[in-house]
Amino acid sequence: MLEFGCDYLEGAHEKILKRLLETNMEKEPGYGFDKYSVSAKKKILEACGCPDGEVYLLVGGTQTNATVIDSMLTNYQGVVAAVTGHVSVHESGAIEASGHKVLTLPQHLGKIDAGELKELLVNFWGDETHDHMVFPGMVYISHPTEYGTLYTKAELEAIHTVCEEYGIPLYVDGARLGYGLAAKDTDVTLKDLARLTEAFYIGGTKVGALCGEAVVFPKKAPKHFFTTVKQHGALLAKGRLAGIQFDTLFTDDLYMEISRHAIRMAGILKEGVTKKGYPMLIDSPTNQQFFIFENSKLEELRKQVAFSTWEKVDETHTAIRFATSWATKEEDIEALLQLL
């Protein structure tokens, strides 16, 4: 079976496994106070250009989103996101379970528009009955989006300007951030995210780690954030597990190196599948590639290839997603193309 279903099918990059084994019998304090976590946090802040910021290493994406959003909102506030945003669709109600409504905006290839965001805020504060409503308390976006698309620096700056005007934080879900930073023609860097957001996270689970995400607060974390992390079940007692992984990923540019590999594999896949005559649903610049297939062809393909069914196009056609990763092999892509 050829596996293109998602980007976290494999365990972890061999350099991470090697360091975990090499350090296995060392005795280190827990909860992120080990020397490897301290080193990883320093390297991340240097890469982001915000040495006075704070970094926390959490266990996974859902816990990270729920924890960060809960920590930055009061009990009468909600979070604004695209209708297709991960927290709106694929978090099993984790945000709502913590008492915060997800307030949705239209999506444009997975992205929100700064003008529509401002319109939402103008309408809310202009409503005489807004005290009876859920307050828009922060903005959530993901980079890349659920559709593999990317914000430009100008788009991020426009959203940031609206957030500043209304005094609400901008938070970026970076579950696949490496693949966004490594994409061709992107003009967004880690330093841009540190400049334009109040919080973002660098995904490890989908980008070479066994597990874990690194939350970056470019200035200062919310009050008692460590305690909030623990309340949400997102704190590793053996913090070294995340620390060693991120310390390795941010040594010798490994995080970007393996992300660029995924982008290169996605480019080969995109070119090959389109040459076979299959149209694209959207033109994604990252590791998620979306194509339209006849339903009859999918039934045949599913016997030998794992992929994600994305959305119904019409009665006889369906859009599917192929995902490449840090571990994708070119020979698997060639085998897929031969099947097609």
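What covers the buried residues of H11? In this predicted model, the cover includes helices H1, H2 and H12 along with strand S2 (54-58), strand S7 (199-203) and strand S8 (213-217). Helix H11 itself runs over residues 240-249 and is mostly covered, with 9 of its 10 residues counted as buried. The buried set takes in Arg240, Ala242, Gly243, Ile244, Gln245, Phe246, Asp247, Thr248 and Leu249.

One of these, Asp247, also takes part in a salt bridge. Its partner is Arg19, and the closest N and O atoms of the pair sit 2.8 Å apart. Asp247 has a relative accessibility of 4%, and because the cut-off for buried is under 20%, it counts as buried. Arg19, at 22%, counts as partly exposed.

The count of salt bridges comes to 19. Another one joins the side chains of Glu330 and Arg264, at 3.9 Å from N to O. Here Glu330 lies in helix H14 (residues 330-339) and Arg264 in helix H12, so the pair links parts 66 residues apart in sequence. Both ends are partly exposed: Glu330 has a relative accessible area of 34%, and Arg264 has 48%. Arg302 pairs with Glu299, with 3.1 Å between the closest N and O atoms; Arg302 is partly exposed at 35% relative accessibility. Finally, Lys153, Glu157, Asp192 and Arg195 are linked in a network of salt bridges.

Now for the nonpolar interior. In soluble globular proteins, nonpolar side chains tend to be buried together. The largest nonpolar core here has 84 residues, and Val139, Phe200 and Ile202 have the most contacts inside it. Helix H12 (residues 254-275) supplies the largest share of this core, 6 residues. A second, separate core of 18 residues includes Tyr278, Phe291, Leu298 and Ile320.

The buried residues of H3 are Thr64, Asn65, Ala66, Thr67, Val68, Ile69, Ser71 and Met72.

On the surface, Tyr31, Phe33 and Phe226 make up a nonpolar patch with about 310 Å² of accessible area together. Phe33 comes from the loop between helix H1 (14-22) and helix H2 (35-48). It has a relative accessible area of 57%, and since exposed means over 50%, Phe33 is exposed. Over in helix H2 is Lys41, which touches Gly32, Val55 and Leu57, not counting residues up to four places away in sequence.

A few backbone details are worth a look. The peptide bond from His143 to Pro144 is cis, with omega near 0 degrees, and Pro144 lies in the loop between strand S5 (135-142) and helix H7 (153-166). Ser92 is not a glycine, yet its phi is positive, at about 55 degrees. Ser92 sits in the loop between helix H4 (86-89) and helix H5 (94-97), where it is exposed at 77% relative accessible area. Leu109 likewise has a positive phi, near 55 degrees. This residue is in the loop between strand S4 (102-105) and helix H6 (114-126), and it is partly exposed, with a relative accessible area of 48%.

Conventions: Residues numbered from 1 in each chain as written. Predicted model: local features only at pLDDT ≥ 70, side-chain atom pairs only at ≥ 80, totals over all residues. Heavy atoms only, no water. Patch = residues over 30% accessible without salt bridge, like charges linked within 9 Å, V, L, I, M, F, W, Y side chains within 5 Å. Areas by Shrake-Rupley, 256 points an atom, 1.4 Å probe, with all protein chains shown as cover. Salt bridge = Lys/Arg side-chain N within 4 Å of Asp/Glu carboxyl O. Helix = DSSP H or I, 4+ residues; strand = E, 2+ residues; numbered from the N terminus. Buried < 20%, exposed > 50% of the residue type's maximum accessible area, 1.4 Å probe, protein only. Core = buried A, V, L, I, M, F, W, Y, C linked by side-chain atoms within 4.5 Å. Contact = heavy atoms within 4.5 Å.
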